[in-house]
Amino acid sequence: MIHSELKPFPQGFLWGSASAAYQIEGAWNEDGKGLSVWDVFTKIEGKTYQGSNGNVAMDHYHRYREDVALMAEIGLKAYRFSVSWPRIYPSGYGEVNEAGLRFYDQLIDELLANGIEPVLTLYHWDVPQALMDEYGAWESRRIIDDFNRYCITLFERYGDRVKYWVSLNEQNYNTNHGFITAMHPPGVKDRKRFYQANHHAFLANAKVIQSFRKYVPGGKIGPSFAYSPAYPSSSKPEDMLAFENAEEFTNYWWLDVYCLGQYPQIPLRYLHEHGLAPEFEEGDLELLRQGKPDFVGVNYYQTITYGDNPLGGVTEGRMNTTGQKGSNQSTGIPGLYKTTSNPNLETSNWDWAIDPIGLRIGLRRITSRYGLPVFITENGLGEFDKLESDDKIHDDYRIDYLKSHLLQCQQAINDGVNLIGYCSWSFTDVLSWLNGYQKRYGFVYIDRNETEERSLRRIKKDSFDWYREVIRTNGAHLHS
């Protein structure tokens, strides 16, 4: 639809930015913190770009006050961060680490003192290595109670100060790379284990939401889903069917369970026929139905286009983790779909399609299917940023990217989407998991690279001043 006039962003809109503990904190073995799976996985040769890891990362653990001061300067209304599970429970359960709890106390208090709403992510991939060693982490039902115990600890400690909570971050993306591509821990390729681990994560998510209602009755909670809306590669019926398959298997498989408490029927039937369906126990479906969130968190970076994939067709392809444009390869499931390039869209150096309208389409699909508010918990552009000799970083490409996506957010609000906030990814530059430190997302440049910590100086990019004006004008600056 085309609107003749646009209503402004609502008053109280949460203009924010985001991060994750492993990607910024550092202090990987300080103050009683236990090992996470990423502390171990990144030390395996060949797993990350140039062997980069989060031992020091952006040293946010020691510099959080400096970082929050920059957040206050830009005018953030919200800051999304994650808590490191092994910083709270070094062994995954048992004795709590008071020093870990105290760090997040200090961070939350610093945010609130600067008028910034804390948005706390309970889990952003850094499961304690102890649980991986003991029972396979998400492959065991034991994790449901251990995760619930950890979350209740946070609810009791921070529930008086934190209103917005994210339960699981990008369960779909993390488990896909853990069990399909083997690029994340535990680093295996087993589709049956993939679906079973996801089932346990769904149950853990629902149980935690159930606990949240008891411990933080005035709060809001929801999972963050890595949503890449599906497109058909053409209007050929075969490609349309592949598109339908992809939306069901790569998106609704997670969103339906989160929001409706049930698996979509067609994919579930397919998995049963192929011996891949997760094993259910008594009470599972009832628990899933009780885990309805208050909002859907959306991490949006791109749409993905799909075409027909015959039996015996495309399966695995190489993923671009180096920034060498054009090195990404098609992937798929024979008999269901395969990914294809979209000639109508430009791509980043990491071959991610740049599609602002796709964000609007995704927001509308969620609104129409589930009728829940939406919180954009990640959206941003990872690129090679250059520090000039005058200490400037001219990232007009990032401004263009964010502006185009925020304009589509405004369009979606006018379409009828209840959008409560927008958190860019990320505030400062972060360690980009598999892609090292060269792939930069932030408004604030951090002086370091893959092999050298350098000065770790914080340097404001051009996008910093731009976003400050967007926030100050409640979005009106987007039209200037």
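**Stop one: helices side by side**

Select α8 (171-179) and α9 (191-215): their axes come within 9 Å and cross at roughly 150 degrees. Before moving on, note that this is a predicted model, in which local features need pLDDT of at least 70, side-chain atom pairs count only at pLDDT 80 or more, and totals for chains, interfaces and linings use all residues. Residues are numbered from 1 along each chain as its sequence is written, and side-chain values use heavy atoms, with hydrogens and water left out.

Helices here are DSSP runs of H or I with at least four residues, strands are runs of E with at least two, and both are numbered from the N terminus. Axes are lines fitted to C-alpha atoms, for helices over the stretch in contact, and angles run from 0 to 180 degrees between N-to-C directions. α8 and α9 are therefore roughly antiparallel (angles over 145 degrees count as roughly antiparallel, under 35 as roughly parallel, 65 to 115 as roughly perpendicular and the rest as oblique).

α7 and α9 pack at an angle of about 30 degrees, with their axes 9 Å apart. That makes α7 roughly parallel to α9, and α7 also passes α9 in a right-handed crossing.

While α9 is selected, pick out Gln-210 in this helix. Gln-210 is partly exposed, with a relative accessible area of 33% (buried means under 20%, exposed over 50%, partly exposed in between, using a 1.4 Å probe and protein chains only). Select Leu-287 too: Gln-210 and Leu-287 are 77 residues apart in sequence, yet 8.6 Å apart in space, C-alpha to C-alpha.

**Stop two: the largest cavity**

How many cavities of 30 Å³ or more does the structure hold? There are five, and the largest has about 190 Å³ of space. A cavity is a set of points, on a 1 Å grid over the protein atoms alone, where a 1.4 Å probe fits but cannot get out; lining residues have an atom within 4 Å of a point. Points are joined across faces, edges and corners, and a volume is the space filled by probe spheres set on them.

Select Tyr-123, Trp-138, Asn-174, Thr-175 and Pro-185, the closest to the centre of the largest cavity among its 20 lining residues. α8 gives the most to this lining, with five residues. The lining has 14 nonpolar, six polar and no charged residues (Ala, Val, Leu, Ile, Met, Phe, Trp, Tyr, Cys and Pro count as nonpolar, Asp, Glu, Lys and Arg as charged, and the others, Gly among them, as polar).

Most residues other than glycine have a negative phi, and most peptide bonds are trans. Stay with Pro-185, which a cis peptide bond joins to Pro-186, with omega about 5 degrees. Pro-186 sits in the loop between α8 and α9.

Next, go to the bond from Trp-425 to Ser-426, which is cis with omega near 5 degrees. Ser-426 belongs to the loop between β12 (419-425) and β13 (444-446).

Although not a glycine, Ala-137 has a positive phi of about 55 degrees. Is Ala-137 buried or exposed? Ala-137 is buried, with a relative accessible area of 1%.

Notes. On a 1 Å grid over the protein atoms alone, a cavity is a set of points where a 1.4 Å probe fits but cannot get out, and a pocket is an open set with protein on both sides within 12 Å along at least five of seven lines; lining residues have an atom within 4 Å of a point. A crossing is left-handed if the near helix is turned anticlockwise from the far one by less than a right angle, and right-handed if clockwise.
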